[in-house]
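Work through the exercises below with the structure open beside you. Try each task before reading its solution.

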Amino acid sequence: METEIKLSPVDAAVASQVFADELLRPHLGDARRSDMESIYYIDKYGLLGKMKAGLRIRQENGEGVCCLKVSRRTEGSAKVREEYEVPAENITEGVQKLCQLEEMPEELKAVLEGAELSPVCGCSFTRTEADYQHEGLHFILSYDIGEYTKGELRAPLGEIELELVEGDIDVLNALCDRIIRKYGLKVGTKGKYTVAMLLDQPKEEAEKHEN
């Protein structure tokens, strides 16, 4: 399971202040940087979408990773998703490996096996992240800056994520709430896939969708 809180939009100057905040900085490890480029896929009949599942292939510092995420529930500001991930250089290899995972539900395998997949949108960004560890709470604090893409359309991407590794989700929510109030930030209700997919929609229509 993946449990994370997304704050969006966030510009680089505010993100720097958050990383340096007195609540976080004393408990953050060394920062890491990665270059990411994701392409998202849909199946011909839209079955993955009906199952609240998102499929992508991502290059992470030149290494290919295929990932399938399935939205399950919300706890406070955090989204909880099933996450299945395998190393792969293309979507065909990625789907084959995903279907070999013992933990993958049979209904997902049934959709993926033989599915006619098409790339629909994507994003490219640089991620800066560090591990927060204090009093039993361990999460990864990250900042992504780059752009969303859909065809010829482009939009700026800037978001902070707090991904729970270990500890109480209520403690993570409480800490995040303090950061939100201090810097006037908003909880991001849409994932990168959803934001990119809505680039060609009118603003009023896009605001109706959440992920």
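The structure is a predicted model.

**Exercise 1. Overall form**

Task: Compare the radius of gyration of the protein with the value for a compact globule.

Solution: 
- Step 1. The protein has 211 residues, and for that number a compact globule would have a radius of gyration near 17 Å.
- Step 2. The radius of gyration of the protein is 17 Å, so the two values agree.
- Step 3. Along the principal axes, the C-alpha atoms fill a box of roughly 50 × 40 × 30 Å.
- Step 4. The chain forms seven helices and eight strands, and 47% of its residues count as buried.
- Step 5. Take the contacts between residues at least 6 apart in sequence: 61% of them join residues at least 24 apart.

**Exercise 2. Strand 7 and its partners**

Task: Find which strands pair with strand 7, and in which sense.

Solution: 
- Step 1. On one side of the pairing, strand 6 (residues 117–134) is joined to strand 7 by 13 bridges in the antiparallel sense. One of these bridges links Thr-126 to Ile-145 in strand 7.
- Step 2. Strand 8 (residues 153–166) also runs antiparallel to strand 7, with 13 bridges between them. Here Tyr-143 has Ile-160 of strand 8 as its bridge partner.
- Step 3. Now look at the turns. Two residues separate strand 6 from strand 7 in their hairpin, and Glu-135 in the turn has a positive phi of about 50°.
- Step 4. The hairpin of strand 7 and strand 8 has two residues between the strands as well, and Gly-151 has a positive phi near 60°.
- Step 5. Finally, check burial. Strand 7 (residues 137–150) has 14 residues, of which eleven are buried, so the rest of the structure largely encloses this strand.

**Exercise 3. The buried side of helix 1**

Task: State which residues of helix 1 are buried and what covers them.

Solution: 
- Step 1. Helix 1 spans residues 12–19, and its buried residues include Val-14, Ala-15, Val-18 and Phe-19.
- Step 2. These residues cover an arc of only 140° around the axis, so they lie on the same side of helix 1.
- Step 3. Their cover includes strand 6, strand 7, strand 8 and helix 5 (169–183).
- Step 4. At the start of helix 1, a side-chain oxygen of Asp-11 comes to within 3.2 Å of the backbone nitrogen of Ala-13.

**Exercise 4. Two residues compared**

Solution: 
- Step 1. Arg-127 belongs to strand 6.
- Step 2. The side chain of Arg-127 makes a polar contact of 2.8 Å with the side chain of Asp-144.
- Step 3. Leaving out residues up to four places away in sequence, Arg-127 touches several others, among them Arg-32, Met-36, Tyr-143, Glu-161 and Lys-192.
- Step 4. Ile-39 is found in strand 2 (residues 32–43).
- Step 5. Arg-56 is 17 residues from Ile-39 along the chain, yet their C-alpha atoms are separated by 5.5 Å.
- Step 6. Beyond its neighbours within four places in sequence, Ile-39 has contacts that include Leu-55, Arg-56, Pro-119 and Cys-121.

Terms used
Residues are numbered from 1 along each chain as its sequence is written. This is a predicted model: local features need pLDDT of at least 70, side-chain atom pairs count only at pLDDT 80 or more; totals for chains, interfaces and linings use all residues. Side-chain values use heavy atoms; hydrogens and water are left out. Buried means under 20% relative accessible area, exposed over 50%, partly exposed in between (1.4 Å probe, protein chains only). Helices (H or I, at least four residues) and strands (E, at least two) are DSSP runs, numbered from the N terminus. Two strands pair if DSSP finds at least two bridges between them. The arc is that of the directions from the helix axis to the C-beta atoms. Contact means heavy atoms within 4.5 Å. A polar contact is a pair of N or O atoms within 3.5 Å; within protein, one must be able to donate a hydrogen and the other to accept it, and residues adjacent in sequence count only if both atoms are side-chain atoms. The radius of gyration is taken over C-alpha atoms; the globule rule is 2.2 Å times the number of residues to the power 0.38.
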